[in-house]
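User: Please go through this structure with me, and for each label that you use, tell me what the label rests on.

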Amino acid sequence: MRGIISAGGYVPFRRLQRAEIAKTFGSGGGKGTRSVASYDEDTTTMGVEAARLALRSAPEGIAPDALWFSTASPAYLDKNNASTVHAALRLDTDVAAFDFGGALRSGVGALRTALEGASNTVLLVTSDQRGGLPTSGDESATGDGAGALLVGDDSKGPVIAEYLGGASTTEEFIERWRTPGSTRSRAWEERFGEVKYGPLVDQAWNAALKSAELAPEKVSKVIVTGMHARAARSIGAKLGTAKEALADDRSTTVGNTGSAHAALLLADTLESAAPGRVIALVVLADGADVMLFRTTDAITAYAPARTVASQIEGASDLPYGKFLGWRGEAKLEPPRRPEPDRISASVSGRTEEWKYAFVGSRDRSSGELHMPPARVSRVGDTVDDMAPAPMSDAQGTIALLTIDRIAYSPSPPVAFAVVDWDGGGRLPVELTDVDAATLKMGDRVEMTFRKLFTSDEIHNYFWKARPVRG
Amino acid sequence: MGSHGIKDRVAIVGMGCTPFGEHWNKGTDDLLIDASEATFASAGIKKEDVDAYWLGTAMSGMSGMALARPLQLHDKPVTHVENFCATASEALRNAAYSVASGAYDVAMAIGVEKVKDSGYQGLVGAAKTPTDGTGRTLTAAAMFAMCSPGYGKKYGLDDDQMREVLARIAQKNHYNGARNPRAQFRKEISMETIVNAPLMAGGLGVYDCSGVADGSAGAIIVRAEDALEYTDKPIYIKALSLVAGNCSGNADPEYDYTTFPEIAATGRDAYAQAGITNPREQLAMAEVHDCFTTAELLIYEDLQFAERGTAWKEVLDGTFELEGALPVNPDGGLKSFGHPVGASGLRMVFEAWLQLRGEAPPERTIAHADRGLALTHNLGGYPGEMVSFVSIVGNELG
């Protein structure tokens, strides 16, 4: 049996109230909210967060043989973004990491390939950051987020959703497009796409059901997603499934996260699914892809590390002006401090475990934690007698904190905390996803992988702390 | 093994100090020339008479040639030293040791910094070592801001009380600086203005932070037995102590930001070298590194001017004011002078030079000059990871 072993959906902490858009510009916006990646997040960091959740939700001891990363908004071209995710997850060197990049369809394509075209355990990570010009439909309807799925055989670990079969259809038509370097997508008038997608979904839907020998009414949950919201809506109503089978596409809270949305919604659905249920995933992206799953008994014991629903609950609104600043749609006055220099590739290479995976060292004699890792112990002065101390999943308590109004930051002010780790050790770290006014000593924090700044087109990734939520 | 010091083996026989401030019309070379000319004149010597030079600058030049070129020193040894904000003190320390060792008869220590050419407010640093980008980006203000809640929590002071104590320190230093023609800021500042100033980091406002200034200061050092050949009022070096921290404070859960262990260590070492057992009663004055008001508060306790947990009361009682039991920063401190990194340590010694020779103007004369001993303290770095320097100088041998 092949299928999904675990899943993780990541929704950033911030929300934009769509009504704020029309209040500012007199047009645009809508109802509900959309998710907003923090100024220090990109598709790579969000992918890391989703992947960490998927791995933490998997049974102990299951390690992926390969990492596939897919996004339509890559942090780098040429350079493999999957390698950064691989480093943050501290996967072994012999675990392959590949980018499946570019088109919105690449995420679902990678998923179907992992299910049908691979025999090893694949950690599939999809991530996207979507937007558009102020007042555009894309600006309000889209969202930012990531979805990760651990795909493999039940010989490696209990599969919570068995893959039953799938089908794809493809046709060339110009419905939505964007050239490299552009931050806005363009789309043809709506009716054209709706007409084109209808028959493509029909054909894939029927073929998939046939391959799985299922009647549509046997499908208890159907996830329909695509950037063409109108087509997705009308098609969802015509699949022959029960009306209540249609999954919430999270469009009123999260927005459409593009190439990440299929995996994000699948993770979301699996988090509340009962065993023995058929789940259909229908994705519209320059063609149609349908995949069918049946939840197994293993899902009753499945304990997601952090649900999508809880992340939707625990969100915080972002003022629209700040949103525009973070997206580069409004140029805000930078702090009057020198911009940071680009980081050194060779230094970062030497310190990969620390920088990307947040691994310190622990003195074998005294047990003292050293962050960053050290060769000479601060206590007892032993030399080269340290064991790696992975701290990315550690939690701690804020011993002291300070708001720095003059330090350089892409979004000042900087909140900094001295964190005492559970189990001993201390480190002063930058905080993120916080409202400075509500912070206090004694608050609990955990670590998150972020982008500190970009200089000379090199992204500087490292870890920050955020409050433990959910 | 042991730290023995060089008590009474060398003396300062001349000092010079430029005004500190925004020297838009003077470069590093100009400041060095101005300070060295004043220093040579003070000692009654010429540059040829100096056998060896120690130049302190953290960000305004590299190598000894940064001094040899502007002063046109011919075939002289010039050593460039850097030790964060204790750079000038480090120049003094090494120059003093060179004379004490017998290697040279006359040495000069000079410190300089030209920081106002960066185009940014505050200190921006100079070292551009390639990194992996994981280093802390917090400003010094934010790091020292953590001492306020740390101290308040430990000794039961609420935010308003801490605010008042810190403001009193700022007020005192500005009061003294208003009486010093070399200071950058020569104005008394009211408590109300200090308390209501815009916040920079944490609870620290503008007046809790030292300013940024250009400046230079120098000293001529000779063997103690030769001192009276140069001046009838030499200042003898009683102690020089330096500690470079191992940066463990911010990794130690026991560290509570109410003390600077490096400073306490330099204090103990310096008092032992000088034979001081009760600094509060034996010292006539102290110049300490008031980069932030929180730093000065903790320094009082680390240097044993006040018992642990009581410095805040002493501040409110006026203990460290000009007329108090132990005047601290009678020249106005970094608060009034700004902080040209490579010069501040020698600026502090310059105030000790003036006060112990009875040359400070009457409006800022200290209450107990007759004690004859002065301490200077200079730090570089942050709570938990700093370089600390303490010197003790005196106007009599023995």
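Analyst: Chain B has 13 helices and eleven strands, where helices (H or I, at least four residues) and strands (E, at least two) are DSSP runs numbered from the N terminus. This is a predicted model, in which local features need pLDDT of at least 70 and side-chain atom pairs count only at pLDDT 80 or more, whereas totals for chains, interfaces and linings use all residues. Residues are numbered from 1 along each chain as its sequence is written, and chains are lettered from A and ligands numbered from 1 in the order in which they are written.

User: How do you know whether the radius of gyration of chain B agrees with that of a compact globule?

Analyst: The radius is taken over C-alpha atoms, and the globule rule is 2.2 Å times the number of residues to the power 0.38. For 398 residues a compact globule would have a radius near 21 Å, and chain B has 20 Å, so the two agree. Along the principal axes, the C-alpha atoms of chain B fill a box of roughly 60 × 50 × 45 Å.

User: What makes D456(A) count as exposed?

Analyst: D456(A) has 7 C-beta neighbours inside 10 Å, and so counts as exposed. D456(A) belongs to the loop between β21 (444-455) and β22 (458-467) of chain A, and has a positive phi of about 55° although it is not a glycine.

User: Why is α10(B) described as largely enclosed by the rest of the structure?

Analyst: Ten of the ten residues of α10(B) are buried, so the helix is largely enclosed. Among these buried residues are T293(B), L297(B) and D302(B), and what covers them includes α4, α5, α6, α8 (261-274), α11 (311-317) and β10 (373-382) of chain B. Just after α10(B), Q304(B) takes a positive phi of about 65°.

User: Which elements of chain B each supply at least two residues of the side that touches chain A, and how many residues are in contact?

Analyst: Contact is assigned if the C-beta atoms of two residues, placed from the backbone, lie within 7 Å. In these terms 31 residues of chain B are in contact with 35 residues of chain A. On that side of chain B, α4 (140-145), α5 (147-155) and β5 (199-201) each supply at least two residues. The buried residues of α5(B) pack against β18 (395-404) of chain A together with α4, α6 (159-177) and α10 (293-302) of chain B.

User: Why are β16 and β17 of chain A said to stand at the edges?

Analyst: Two strands pair if DSSP finds at least two bridges between them. The open sheet of three strands has the order β16-β15-β17 (chain A), with antiparallel pairing. β16 (369-370) and β17 (386-390) each have a single partner strand, so one side of each is left without a neighbour in the sheet. Two bridges join β15 (residues 359-363) to β16 in chain A, with S361(A) opposite H370(A).

Methods: Buried ≥ 20, exposed ≤ 12 C-beta atoms within 10 Å, placed from the backbone.
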